[in-house]
Amino acid sequence: MLLAPMQGLTEVLFRRVYEECFPGAIPLAMSPFISLTHNLQFSKGKSQESLLSDVLPENNVGSIPVIPQILGKEPEEFVELGNILYDLGYGEVNWNIGCPMRAITGKHRGSGILPHPDEVQSVLDAVVPRLKTQLSVKMRIGLKSKDEIFALVPILNNYPLASVTVHPRTGRQQYTGIPDLDTFGQVLPLLKHPVIYNGDICTTADIRKIKERFPAVADIMVGRGILYRPTLPLEARGEVSEESIQRQTATFIRRLMEEIKNTLPTEQSKTRKTKEYWSLLWKSLPISEMQAREVLRAQEFTVVDNLICQLTQ
């Protein structure tokens, strides 16, 4: 099981606390994307440190091992960044051609490049031979149409990719609707690389369904399912009881909130980040929606913090 990249959520702070509370439960994570739109002008100074802070090895001590993800289509910047990451110790980087955010897709980045196979091939032609590190790809089945992926499969098969992660929705769907498992099933045997499934994995039943229907899948990537139920990997392996689930989840939430309190610089940023996590994590606790919303309505961080402490006792 891999941890999916979720901007603002599965960053290094989360990955460190998760590994502390559930050591080894998730063997590998993919970082939220590093964008090439900043016109990389690395000077070995603050700009590089700021851009790469989420994946700098010194920040990831005790964290889930991570694969850095890159968003963009500028070959020179891609190669430069990929080789810097290699020098930092990363043997693999991932190319994000699945992000559905409209501000990104409109620039032919993320899933916005999927209707343009010639652009995908041009980037891979320019990048793959010059990268020191291995390259993997994370993608959707298309931007507007599920059929777009079929024009991309033979292109991807021409390169020595480490893996291809497929989220069987289109970019236009965002995160709505049902993943198109029929299209995923058609694509799976066509790809020559290890294929990782991603999309709507929230329960052990979801994991079982994908593994039983697609035994050729190399692995499963989980995003929001981990935020809804942090013990999901342990449950999938039958390593935790229901009583232990509640206890371990409450401990994890308190530890995460403590790390936010100790790390973020302002009361406003602490409140915002805590609410981001709480809006998902509360669902794994034996509390009512009314109790959960009381936290989300609170304005002061001390109130938010105290409420969460009470609800996780």
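This is a predicted model: local features need pLDDT of at least 70, side-chain atom pairs count only at pLDDT 80 or more; totals for chains, interfaces and linings use all residues.

Reply: One of its loops, between helix H4 (102-105) and helix H5 (117-127), holds His108. More on that residue below.

Start with the largest pocket. Its volume is about 590 Å³. The lining counts 30 residues, and those closest to the centre are Pro5, Met6, His167, Tyr175 and Arg224. Strand E7 (134-142), E8, strand E10 (219-222) and helix H9 (224-228) each contribute at least two lining residues. By class, 15 residues of this lining are nonpolar, ten polar and five charged.

Now the second largest pocket. Its volume is about 370 Å³. Here 21 residues form the lining, with Glu11, Val12, Pro32, Ser53 and Asp54 nearest the centre. Helix H1 (12-21), strand E3 (34-35) and helix H12 (267-281) each supply at least two of the lining residues. H1 gives the most, with three.

His108 has a phi near 60°, positive although the residue is not glycine. Its relative accessible area is 24%, so His108 is partly exposed. Gln174 also has a positive phi, near 55°, and is likewise not glycine. Gln174 sits in the loop between strand E8 (164-170) and helix H7 (181-187).

Definitions and conventions: Residues are numbered from 1 along each chain as its sequence is written. Side-chain values use heavy atoms; hydrogens and water are left out. Helices (H or I, at least four residues) and strands (E, at least two) are DSSP runs, numbered from the N terminus. Buried means under 20% relative accessible area, exposed over 50%, partly exposed in between (1.4 Å probe, protein chains only). On a 1 Å grid over the protein atoms alone, a cavity is a set of points where a 1.4 Å probe fits but cannot get out, and a pocket is an open set with protein on both sides within 12 Å along at least five of seven lines; lining residues have an atom within 4 Å of a point. Grid points are joined across faces, edges and corners, and a volume is the space filled by probe spheres set on the points. Ala, Val, Leu, Ile, Met, Phe, Trp, Tyr, Cys and Pro count as nonpolar, Asp, Glu, Lys and Arg as charged, and the others, Gly among them, as polar.
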